[in-house]
Amino acid sequence: MKHYDYDQITIFDLTLPQFQIDRPIRLIELFAGIGSQAMALRDLGADFEHWRVVEFEPNAVTSYNAIHGTHFEPQDITKITGTDLGITDTEKYCYIMTYSFPCQDLSSAGKQRGMKKGSGTRSGLLWEVERLLNEVGSLPQVLLMENVTEVHGEKNAGHFQDWISFLESKGYSNYWQDINASDYGVAQNRDRCIMVSILGQYNYKFPRRIQLEKTMEDYLEPDVESRYFVKTEKAERLIQRLIDEGQIEPGIIQIEEGGAEDGESGDRGCRFPESGEGNTRPGSGAGAGWSMSGIEGHRLQGSAQNIRHGIHWRF
């Protein structure tokens, strides 16, 4: 297991070769959701194909197909086998398998029931990935994990280490790091743990942070329906709590009139952050003050270019 801070130089930079993908990619997405990892490969211009999608939620699969132009069906990870992943011709293709397993039992917002093997929790579905890796004839060359930072927190550290030890036993070099979306160009204060596992003895460096140039105003529509405004009483309580906790400065969140639409009465609500100094990292407070429309949510998560009829959803 190798865990480094940003830009730290280690002995592995000098002794291990840097892994490079030099062949077409076949992407296997476990717990695929709407295919954020596939979006990333597309945006990077990678030569890849959607090889397997394993996602239990029908609506997520419907959205995945609409966004990516695919025709996958919902699948239960507990019902498939390693053979179903179709990993063949590894000399010809690089298989990348992602596994953003459920975070509900890890997140501080949940009951924190954990991810212990055999626990039966949703987060414990991680160990289905272990089963699949034990069943395949050929291992994927690259694994990518994404989850909340509590995955290696005090309550889960032992199980996280158990997982890494298993990957090492299969021959993977593993590199993990907590990264924040705001360090990579997204105006959202969202920490996530990312682990890259490479089959063989290879070095890996996480990308350098980049300067944040966007604010939440870059994602928001100038005019939206009044239902996307947080109503007065709730907005005022929210704003006061965020000010008391020091998450926002007074004035960053602006109270405006949500105009009447479709026969609704106009309601005062909280929506737009003011631009300017003090609003360089919205999301830690400013972004919590409104309900995002579909197009705004797509922009924030980087999928706005995929919007087609029928795949707008409310955030």
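Which residue forms a salt bridge with R26? The partner is E49, and the closest N and O atoms of the two lie 3.0 Å apart. A salt bridge here is a side-chain nitrogen of Lys or Arg within 4 Å of a carboxyl oxygen of Asp or Glu. This pair links distant parts of the chain, with R26 in strand β2 (residues 25–30) and E49 in strand β3 (residues 48–54), 23 residues apart. Strands are DSSP runs of E with at least two residues, numbered from the N terminus.

Before going on, a word about the model: it is predicted, so local features need pLDDT of at least 70 and side-chain atom pairs count only at pLDDT 80 or more, while totals for chains, interfaces and linings use all residues. Residues are numbered from 1 along each chain as its sequence is written, and side-chain values use heavy atoms, leaving out hydrogens and water.

Now look at the surroundings of that pair. R26 is buried, at 9% relative accessibility, whereas E49 is partly exposed at 31%. Buried means under 20% relative accessible area, exposed over 50%, and partly exposed in between (1.4 Å probe, protein chains only).

Next, turn to R23, which pairs with D22 at 3.0 Å between the closest N and O atoms. R23 is partly exposed, with 28% relative accessibility, and D22 is exposed at 62%.

Further along, K79 forms a salt bridge with D76, their closest N and O atoms being 3.3 Å apart. In this pair K79 is exposed at 62% relative accessibility, while D76 is partly exposed at 22%. Searching the whole structure gives twelve salt bridges.

Terms used:
Helix = DSSP H or I, 4+ residues; strand = E, 2+ residues; numbered from the N terminus.
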